[in-house]
Amino acid sequence: MVAKVLVVEDDSTVSGVLAAYLRKAGFEPRIAADGATALQEWTQWKPDVVMLDIMLPGMTGLDVLQRRRANDDGAAVIILSARGDEEDRLLGLEVGADDYVVKPVSPREAVLRVKALLRRTERLGVSSMLPRTIAVGDLIVDLQARIAQIRGEPLSLTHREFDLLAYLMTHRDEAFTKEALMRRVWGWDFGDTSTVTVHVRRLREKIELDPSDPQLVLTVRGSGYRFAGEVSS
């Protein structure tokens with residue numbers, strides 16, 4: 001099945017180039033030039049990936065993202081962030097973005113980021129080396145269906161949050177630096193490690209009884225993070 005990518009960008013030249021590169025790479029792109037149109041297309045077309053500019057006419061990209069995440073929409077989201085707008089980029093990650101690309105956008109890099117997001121999803125779902133379901137206590141993760149629940153309630157996770165949780169759970173008691181997690185979960189060889197910090201914080205808020213005193217996703221001083229607890233499958 002061809003993956004659908006919604007490009008939300010008010011600059012028609014940028015969106016046109018991105019759509020052309022995505023189409024050439026085998027994706028099905030669609031363009032939205034403002035927040036209201038983006039929200040409508042996102043809701044009705046149900047894209048697999050959304051490339052989302054923050055500064056849009058009318059409703060901002062962050063407003064659009066917040067509304068979709070509030071409806072438990074699980075589409076992967078890549079923020080298109082102007083160089084130097086670190087605060088906006090981190091805010092985008094806080095409200096549920098999975099990745100970001102710094103403007104001016106390299107269309108080749110953008111396509112690679114889309115592929116990396118989808119490739120990680122596919123690897124988790126089809127690997128014969130992994131059990132279908134893994135659990136620790138009342139946290140249960142279905143790797144193939146990409147769903148999770150805790151204390152009997154479904155967990156609303158973004159693509160990256162799910163990938164991060166699944167990776168840590170399938171490598172229980174192994175400590176990973178932020179750089180290592182960026183390579184293995186994000187598929188990046190370099191980048192801003194605050195991305196990992198934000199995702200760990202969001203994950204803890206969703207799975208820990210007390211996020212300020214985590215018992216599952218632990219910080220290892222000088223080493224990064226590890227998942228604790230007895231995992232069963």
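This is a predicted model: local features need pLDDT of at least 70, side-chain atom pairs count only at pLDDT 80 or more; totals for chains, interfaces and linings use all residues.
Helix α4 itself spans residues 86-94, and its buried residues are Arg89, Gly92 and Leu93. Viewed down the axis of α4, these residues fall within an arc of 100°, so they line one face of the helix. After α4 comes Gly96, which has a positive phi, near 125°.

The protein chain is divided into two domains, with domain 1 covering 4-118 and domain 2 covering 133-227. Taken over C-alpha atoms, the centres of domain 1 and domain 2 are separated by 23 Å. Contact between the domains involves 19 residues of domain 1 and 13 residues of domain 2. The size of an interface is often given as the accessible area lost when the parts come together. Between domain 1 and domain 2 the buried area is about 1400 Å², and carbon and sulfur atoms give 47% of this area. On the side of domain 1, the residues that lose the most area to domain 2 are Leu93, Glu94 and Asp98, which together account for 35% of what that side buries. Leu93 is also one of the buried residues of α4. The count of salt bridges between domain 1 and domain 2 is 2. Elsewhere in the description of side chains, Glu94 and Arg201 meet in a salt bridge, with an N to O distance of 2.0 Å.

Strands of a sheet pair through backbone hydrogen bonds, either parallel or antiparallel. In this model, 4 strands form an open sheet in the order β6-β7-β8-β9, and the pairing is antiparallel. Strands β6 and β9 (153-154) stand at the edges, each with a single partner strand, so one side of each is left without a neighbour in the sheet. Strand β6 (residues 133-136) is joined to strand β7 (residues 139-142) by 4 bridges, and the two strands run antiparallel. Within this pair, Ala135 has Ile140 in β7 as its bridge partner. The two strands β6 and β7 form a hairpin with 2 residues between them. In the turn of this hairpin, Gly137 has a positive phi of about 60°.

Most residues other than glycine have a negative phi, and most peptide bonds are trans. Lys46 has a positive phi of about 55° although it is not a glycine. This residue, Lys46, is placed in the loop between α2 (35-45) and β3 (49-53). Its relative accessibility is 56%, so Lys46 counts as exposed. A positive phi, of about 70°, is also found at Asp173, which is not a glycine. The loop that holds Asp173 runs between α6 (159-169) and α7 (178-186). Asp173 is partly exposed, its relative accessible area being 40%. The peptide bond that joins Lys103 and Pro104 is cis, with omega of about 0°. Pro104 lies in the loop between β5 and α5 (107-126).

Key. Residues are numbered from 1 along each chain as its sequence is written. Side-chain values use heavy atoms; hydrogens and water are left out. Buried means under 20% relative accessible area, exposed over 50%, partly exposed in between (1.4 Å probe, protein chains only). The arc is that of the directions from the helix axis to the C-beta atoms. Two strands pair if DSSP finds at least two bridges between them. Domain bounds come from an automatic or database domain assignment. Contact means heavy atoms within 4.5 Å. Buried area is the accessible area (1.4 Å probe) that two parts lose on being put together, summed over both. A salt bridge is a side-chain nitrogen of Lys or Arg within 4 Å of a carboxyl oxygen of Asp or Glu.
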